[in-house]
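Visitor: I am new to this structure. Please take me through one part of it in close detail.

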Amino acid sequence: VDITGALRFTSAPLQHGRATLRILARDDGGDDFGGLAQDDTAVATAELRVLPLPRVLGVSPSLLSSRGGAQVTVAGLYFGSLYSRGYDRDEYGNLTVTFDGLPCTHVKVLSDAAITCRTPEVQGNVEVRVTITDPGLVRSGVLNRTLV
């Protein structure tokens, strides 16, 4: 909990699903800073839904022109579905694919496990990153891949 009262947490790697958060706040009974000399305890419970991080598992084809513009399929998990995004849509947006930080164009989510896009100018060992930006939550999956 930060000074504004916002609670932030990071889930364990590869963990997602539902969780129950139980918060116990206890006053020690001191009267410092105008406090009341009493021993009170407050309990709050919240149900959380921890959405999965996208996972990038592969890129095909791996033989690409360094000039860019090639259509590729990015294979992985948790790109777009009710389970992975927390809402159901015919088409999922709010998703970017980058190769070494350079954006792909014509990005289309085909399923929860596949995205197509056109590559920027890259070659060699590149970082392929899929980033999902939904209201209040940004999450990414990364794969380092050699493209020739």
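Guide: Start with an open sheet of four strands, in the order β3-β4-β8-β7 and with antiparallel pairing. The edges belong to β3 (55–60) and β7 (105–111); each has a single partner strand, so one side of each is left without a neighbour in the sheet. On average, neighbouring strands here are turned by 25° against each other, direction ignored. That angle is taken between axes, lines fitted to C-alpha atoms. Strands are DSSP runs of E, at least two residues, numbered from the N terminus. Two strands pair if DSSP finds at least two bridges between them.

A word on the source. This is a predicted model, in which local features need pLDDT of at least 70 and side-chain atom pairs count only at pLDDT 80 or more, while totals for chains, interfaces and linings use all residues. Residues are numbered from 1 along each chain as its sequence is written, and side-chain values use heavy atoms, with hydrogens and water left out.

Now the pairing of β3. Its partner β4 (residues 71–77) runs antiparallel to β3, over five bridges. Here V59 stands opposite V74 in β4.

Stay with V74. Leaving out residues up to four places away in sequence, V74 touches V56, G58, F79, V97, A113, A114, I115 and V130. Contact means heavy atoms within 4.5 Å.

V74 also belongs to the largest nonpolar core, which has 23 residues. V74, L95, V97, F99 and V130 have the most contacts inside this core. At least two core residues come from each of β3, β4, β5 (95–99), β8, β9 (124–134) and β10 (137–147). The largest share, four residues, is supplied by β9. Such a core is a set of buried Ala, Val, Leu, Ile, Met, Phe, Trp, Tyr and Cys residues joined through side-chain atoms within 4.5 Å.

Next, β8 (residues 114–118), the strand that holds T116. Is T116 buried or exposed? T116 counts as buried because its relative accessibility is 10%. The cut-offs are under 20% relative accessible area for buried, over 50% for exposed, and partly exposed in between (1.4 Å probe, protein chains only). Which residues does T116 touch, not counting those up to four places away in sequence? They are Q71, V72, T73, H106, V107, K108 and L110.

So much for the sheet: look again at β4. V74 lies opposite V59, and V74 is among the core residues with the most contacts.

Definitions and conventions. Axes are lines fitted to C-alpha atoms, for helices over the stretch in contact, and angles run from 0 to 180 degrees between N-to-C directions.
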